[in-house]
Amino acid sequence: MQVVRNWTPSVPQWLKKHRDPVVVQALRSTAAATVAYVIALRLSPEPAPLTAPLTALLVVQVTLYATLTTSFRRVNSVVAGVLVAVAFSLLVGLTWWSLALVILAALAVGHLVRVEEFVPEVAISAMLVLGVTTVSSTAWARVVETLIGATVGLACNVLLAPPVWTEQASESIEDLARRVRRLMLLMGEEAAGTTPVEHAAARLHEARRLDHEISDVDAALRQAEDSLRLNPRVREGLLHRVVLRTGLDTLEICTVVLRVLARSFTDLAKERAPEPLFAPSTGAVVEQLLSEIGDAVVSFAVLVTTAVSVNAESAESRLAAELRQAAATRDKLAQLLLEDVQRDSRHWHLQGAVLTEVNRIIDEMDIEHRSRRLFEELDCHTRARSERVSRLTRIRNRLGVPERLRRNHEDGARRSL
C-alpha cells in the first residue's frame, strides 16, 4: 500500500540533530515573541507592551494545527477577560470583594466561551485590566497587543512552516517493536529450559512496563498527527495518520497479549516447578516460535512507518513471509502440545492458553486483517468529512451562495480526502 509522500527533501544527518522539537520550539517561540514586541511598541499606547510577546510565546506551538486552534482560544480568552473587567469597572472599584467577583465571573465566562486550557487566562486578563486606573485605554491596548501576538504567532508558522514530526513517531513505534521482540526472545530462551518462578515473574513485570511505554509512543504519535493536519508540505496526510494510528493500535494489542502470555508462563513455572515449562522438544519449538513472532513484530513496525512505496512493498513481503513461517511453527507447536496433554493433562488449560495467545498475536499482524482495518478507518474519516461537507452545502444553499462556488468548494474537499 502506498503510504504518503512528503515534499520535504532529505537533509544531512547533522541537520536532523538540530531539528529536535525542543530546539525548534525554542527558536520559533523566541523569534515570534521578539517580533511581536517590536510591532507592539509601534502600535500600542503602552510603554512596555509585554502582552504581545506573551501572547506570541503562548500561541506558537510545534505544529501549525495546534497554533491555529490555540490562537483562537487565546484571543477569545483575553477579549472575554477584558470585557468582564470593563463591565465591572463601570460599577465598582478594585476591592477584595470586587476582585473575588471578577475572578469568579471571569472563570465562569471562560467555560462558557469554551477556551479550554485558557480559562485561567480570562481571569488573569480581567485582573490586569481592572487593577489599573485608565480602564478603557488599557483594555483597548491589551486587546491590540493580544491580536498582534496572535497574528505574529500565526505568521511565524505560515512563513516558517513547522516540521513534520512523523520521523520521531516512527522511531518511537519501531523502538517499541524492538522492545517487544527482545522480551519475546528472553521468554523463548527461558521456555526452552528450566525457568525459576522468579525469572518468569520478572518477565511478567517487564511486559507490564511496556504499557507505560505505549503512552509515550502515543504522545509522540499525537504530535505527529497534528503536524500532518493543515500542513502544505504533506500530501495524503489522512492516510499517513491512519496508517500510523492503526499500526500503534495493533502493537498495543500485541503488548497486551504478550503480558497475558508472560502471565501464563509464570503460572506454568509455579505449577511445574522444579520441572521445565515444557518438554525439551516442545520448549525448543516455543523458543523458535517466539523468535519468529518477534521478527514479525519488528517487520510490522517497519511496514507501518515506511513512507516510500517501494520500501513499503518490500516490508510487506518480508512480513508476509515471516508470518507464514510463524504460522507453520505454530501448527507444529499445536501438535506437540496435543501430544504432551495426552501424556499429562494436568496443565492443559495453561498450555492451551499459550497456544491461543501466540495465535492472537499472529492474527493481529495478518496482512488482510490490517488492510480491512485501514479501509474501515478511512471509511469512517471519509463519511465524517462528507457529513461536514453536506452540512456546509445546506448552509450555503440557505444563504444563496452561487452554484459555481459550491462546486469548487466540494471538489476541493473531496480532493483533500
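**View 1. Val 35, Ile 39 and Leu 43 make a nonpolar surface patch of about 250 Å².** Patch residues have over 30% relative accessible area and no salt bridge; nonpolar side chains (Val, Leu, Ile, Met, Phe, Trp, Tyr) are joined within 5 Å, like charges within 9 Å. A salt bridge is a side-chain nitrogen of Lys or Arg within 4 Å of a carboxyl oxygen of Asp or Glu. Areas use the Shrake-Rupley method with a 1.4 Å probe, and for residues only the protein chains shown count as cover. Val 35 sits in helix 2 (residues 21-43). Helices are DSSP runs (H or I, at least four residues), numbered from the N terminus. Val 35 counts as partly exposed because its relative accessibility is 41% (buried is under 20%, exposed over 50%, partly exposed in between).

The model is predicted: local features need pLDDT of at least 70, side-chain atom pairs count only at pLDDT 80 or more, and totals for chains, interfaces and linings use all residues. Residues are numbered from 1 along each chain as its sequence is written, and side-chain values use heavy atoms, without hydrogens and water.

**View 2. Arg 114 has a positive phi, near 60 degrees, and is not a glycine.** Arg 114 lies in the loop between helix 5 (96-112) and helix 6 (119-130). With 67% relative accessible area, Arg 114 is exposed.

**View 3. Confidence in the protein chain is lowest in helix 1 (residues 13-17), at a mean pLDDT of 44.** pLDDT is the predictor's confidence in each residue, from 0 to 100. Helix 11 (residues 280-305) has the highest value, 90. The chain averages 76. Where pLDDT is low, the predicted coordinates should not be read in detail.

Key
Helices (H or I, at least four residues) and strands (E, at least two) are DSSP runs, numbered from the N terminus. Buried means under 20% relative accessible area, exposed over 50%, partly exposed in between (1.4 Å probe, protein chains only).
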